[in-house]
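I opened this notebook to record what I looked up in the structure. The entries follow the order in which I took up each topic.

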Amino acid sequence: MALEDYKNDMEGCSRCSSCKWIPFNQVKSWRFAHNCPAISRYNLHAYSGSGKMIMGLSMLTGRSELNESIMDIIFTCQLCGACDTACKVYRDDIDLMDVLLELRTHCVEEGELVIEHMATIDALKRENNMLGEKKEARGDWADGLPVKDINQETVDVLFHAGCRYSYDQDSREALRGIVKLLVDSGVDVGIAGASETCCGGRAYKFGYQGEAENYADDMLSRVKSSGASLLVTPCADGYSAFNYLYPRMKKELPVEVLHISQYLERLLKNGEINLKNNVPRKVTYHDPCYLGRMGEPYLGDWQDSKLLRPMSMKRAGRNGVYDTPRDIIKQIPALELVEMERIREYSWCCGAGGGVWEAYPDFAVWTASERIEEALSTGADTLVTSCPWCLRVFREALAETEKDLRIMDISELFLESAGICSPATLKGGGAL
Amino acid sequence: MISDEALGAFQVIVGEENVSREPAVLDTYAWQPTINDDPAKWVYRPVAVVLPGSTAEVQEVVKVCNKHGLKFKATTTGWGVYSGPTSDNVVQFDMRRMNKIIEIDEKNMYAVVEPYVTGAQLQAEAMKLGLNTHIIGAGPVCSPLASATSGWGVGWDCIYMSYSARNVLGVEWVLPDGELLYLGTPGSGSEWFCGDGPGPSLRGILRGTSGALGGHGVFTRCAIKLFNWPGPSELHTEGLLLDAQSEIPENIRFHMCFFPDRDKLADAVYEIGDAEIGYLATRVSPNVFLYGATPRLFRKLTRTSALRSLLSETLKWMFVIVLMGSSREEIEYQDAVVKKIVGDYKGFSLEMTEVPVIGPILPMNFLRVSAIPAIFRLGGLFTTALGRNETWDTQLDWAEVGEELRKRRIEQGEVLDDMGDNPFMALYENNTWSHCENIYQYDTRNEKHLEKLHTIFAESTIRAMEICQEPLSSFDWRVRKILGPLLYDYNYWQKQIAQSFGAEGAADTGMYCDEVDYDLSAGDPQLKEKLEKIIAEKK
């Protein structure tokens, strides 16, 4: 695809500004009515979904040219998809998110590159992860765990840890706890260890589609050789890449793909695990963009006029994973769940996505701080999420404040209640 | 191209990050397809965009514009062609940083807001205090300040909350020379409770019927009248639009009333107005509901003569009224009155709140006016022949004229097929007067649709004159020269006002009082001929 292929989408923009707000029926206050971190922080219309589409149209029709300033605006965006969801409340004929992705690819093809992204992509090519860590150390997190190595034997369930979880020391105990829980529950689970690589999803969002395809090929061959019929990942980015991006790139994985929260819920329903320990906390749940609205499965291509596209072919965010984490939370004894104003498909982004964490860390932390403010407004003492990137940026943002809030992954909460890990061993579970 | 000196002066005042002259960035203010009958859809590109963060900053940047011979125009959420520049050499003020609700005075029932507060935000906060705000027909994304001070302001709730011009109380106004003026009670140092003083009362000059649309300077704060909200502090809703399921308060009723013919609808609505009931009210065609909700099904229905007949003839005379009562007795009284009036005029009413699935969709979509932008779903864009405020009977006539004109265009493939009957109608203040404008659906990517768009307004105006109705009001500077003689030379006075306030040469007055020659014959030679004849007769 090329920018030209999205001309109809861009020309369809009525400039109504709905893309800047959560869907209007859900606006509950002045404070938390906004949905887009970029326009909320930088204010020029160009930073909004509409603005980026109009800039794309302007460049495509020769009214203006791509330069470093415009490239900077294009990449100052988490690709969280909130604008796309808001737009699609009213529009069937615009795929705003696709335009945003294509604009990035256009920048890369035109040689307008974000330096920090170049460095990250170089490290990815070298070390097969988005953090620039040594690839040999990728499987260290599982040292001593009685888990199968898919390089040695076939398994029923392939556990893909993802880049962030594999290397983030703060999440290590939770990751080990989850895999131990699966093994103890009798699941025939295996990992790729040091040979696991990045899913490529973030490279795609940086505009490097070719790299993403390479990693998709790599993943595809690994899944096939593992013999698994199910892939489980705790990484929301990976979940979205496997469920949406891979089929879109015609590299669909031949297995069922579940986020860890979905698999844990399945085990709970089957009675294979019990949540027995009281966790006397008041928690609020943050929907990660790439488990929620951007986690929807790929719906297939629509070749006709988008005006004629049925709702079932519109990626509107409604089929993301929203209820599963909440169902788990509600099953934890003594725990109270309170909701923020912006949830589900109109959730505010954590700030870490779309290459912002790598290139614009201040903006990432600002975005996370906004979410922390919203979490605190509910009276919750704990902010729970189900994505390692959200977890990391929330913890970074919280560290810059004096606020009293715990940040936890859904897995950590689960392990605490299941009695697998004690609160003191978990980063989010311990005292601040 | 703006000079480095002027740009630097802006940057000193508002900060570097709040100024841009990047062509692509500026184009995000120049793409204005809504209610823009120019096929290109681009308006003039501003020479710079500036985002002031306070009234003092607005004053300063206005003075810089004056010093450097630049015009300026303020915009908020920026939906509609009237938001953008109308000439070269205009600096666009994006008011996004001024986005606070300064106060909500619960006792005196008003809110003081900055330009970038939206209707949705103000309503959400007002409801917490048992109050509500008028939301215009363009929907909850729009700025109450912009509507109150600068343009139109009609909506479904006008039967109870009137329209924007009537709800503006105090105003903080940066004049085109940078001076600050307060209208209404804040003009005498008082609170913001009255638009007519003590203190200067220039409500008519401020905006009149249609508003100056940015031609008067910049309005930086205003007080908006709030109204009783007898519902809960938050109308809990799951879902986003058509999947929305709201809790339904006991004191709300939603009546879809159908009448056998136009006259019975007209008389029944007069009686409803006399009874002084209703919270929201509109006459809307069932086909509009249908194409907003299910545009693909609607396209199929338009090819089915029996269903077409059912929607556009049998069920055509539909009227929607939402009732809210402050007590059970009041809602029961209002409910009984509606049922009696509808029965007296041989109609029938469907009370929708009890209908599963559909009932809970309605409250937020109507009370917040969230449903309105669903009209984009048929083709992606719409335009309007605009309208004027008249008696209900006259407006029903006007809706029928609109249908006649629209059907001809539908037959010729110039607009999308909405079955013809597509007026936007509302009642003001218990139906003492009312509003009607005819909506035309089209696809901006369809060249045939774009080709004849610009003749809609002229054609409508001519038709109005032919049947002895008042011409329509318009912000289009191309037709102002034509309309002026037909409407008591109104523009002479608008230009006098602009001169008095120093607007000419400073504010972008294109949407307010500028005039240009416009050759109608380019679109349709017959239109020009007809119009000249009518003007001659009128003189």
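This is a predicted model: local features need pLDDT of at least 70, side-chain atom pairs count only at pLDDT 80 or more; totals for chains, interfaces and linings use all residues.

**Entry 1. The five-stranded sheet of chain A.** I looked up the strand order and found an open sheet of five strands, S1-S3-S2-S4-S5, with parallel pairing. At its edges I found strand S1 (148-149) and strand S5 (256-259) of chain A, each of which pairs on one side only. I then examined one pairing within chain A: strand S2 (residues 157-159) and strand S3 (residues 189-191) run parallel and are joined by two bridges. In this pairing, A:Leu158 is opposite A:Gly190 of S3(A). I also recorded helix H9 (residues 172-184) of chain A, which packs on the sheet and touches S2 and S3 of chain A. The direction of H9 makes about 170° with that of S2(A).

**Entry 2. The four-stranded sheet of chain A.** I found a further open sheet in chain A, with four strands in the order S7-S6-S8-S9 and parallel pairing. Strand S7 (336-337) and S9 of chain A have a single partner strand each, so one side of each lacks a neighbour in the sheet. Helix H14 (residues 323-331) of chain A packs on this sheet, where it touches S6, S7 and S8 of chain A. I noted about 175° between the direction of H14 and that of S6(A). Helix H17 (residues 388-399) of chain A lies across S8 and S9 of chain A and runs at about 170° to S9(A).

**Entry 3. Strand S8 of chain A.** I asked which residues of strand S8 (residues 382-385) of chain A point which way. A:Thr382 and A:Val384 point one way, A:Leu383 and A:Thr385 point the other way, and all are buried. I set beside this the general rule that side chains in a regular strand alternate between the two faces of the sheet. Turning to the partners, I found three bridges between strand S6 (residues 282-285) of chain A and S8(A). Four bridges join S8(A) to strand S9 (residues 406-409) of chain A. A:Val384 in S8(A) stands opposite A:Tyr285, and the bridge partner of A:Val384 in S9(A) is A:Met408. For A:Thr382, the bridge partner in S9(A) is A:Arg406.

**Entry 4. A:Thr105.** I located A:Thr105 in helix H6 (residues 96-109) of chain A. Is A:Thr105 buried or exposed? A:Thr105 counts as buried because its relative accessibility is 4%, and buried means under 20%. Neighbours within four places in sequence aside, A:Thr105 is in contact with A:Gly207 and A:Gln209.

**Entry 5. The second largest pocket.** I recorded about 840 Å³ of space in the second largest pocket. Its lining has 34 residues, and those nearest the centre are A:Met1, A:Tyr6, A:Asp95, A:Asp98 and A:Lys306. The elements that give two or more residues to the lining include helix H1 (7-11), helix H5 (82-88) and helix H11 (209-226) of chain A. H6(A) gives the most, with three residues. By class, I found 18 charged, 11 nonpolar and five polar residues in the lining.

**Entry 6. Helix H18 of chain B.** I looked up helix H18 (residues 477-486) of chain B, whose buried residues include B:Val479, B:Ile482 and B:Leu483. Among the elements that cover the buried residues of H18(B) are helix H17 (456-466), helix H19 (490-500) and helix H20 (525-538) of chain B. B:Tyr488 follows H18(B) and has a positive phi, near 60°.

How values were computed. Residues are numbered from 1 along each chain as its sequence is written. Chains are lettered from A and ligands numbered from 1 in the order in which they are written. Side-chain values use heavy atoms; hydrogens and water are left out. Two strands pair if DSSP finds at least two bridges between them. Contact means heavy atoms within 4.5 Å. Axes are lines fitted to C-alpha atoms, for helices over the stretch in contact, and angles run from 0 to 180 degrees between N-to-C directions. Buried means under 20% relative accessible area, exposed over 50%, partly exposed in between (1.4 Å probe, protein chains only). On a 1 Å grid over the protein atoms alone, a cavity is a set of points where a 1.4 Å probe fits but cannot get out, and a pocket is an open set with protein on both sides within 12 Å along at least five of seven lines; lining residues have an atom within 4 Å of a point. Grid points are joined across faces, edges and corners, and a volume is the space filled by probe spheres set on the points. Ala, Val, Leu, Ile, Met, Phe, Trp, Tyr, Cys and Pro count as nonpolar, Asp, Glu, Lys and Arg as charged, and the others, Gly among them, as polar.
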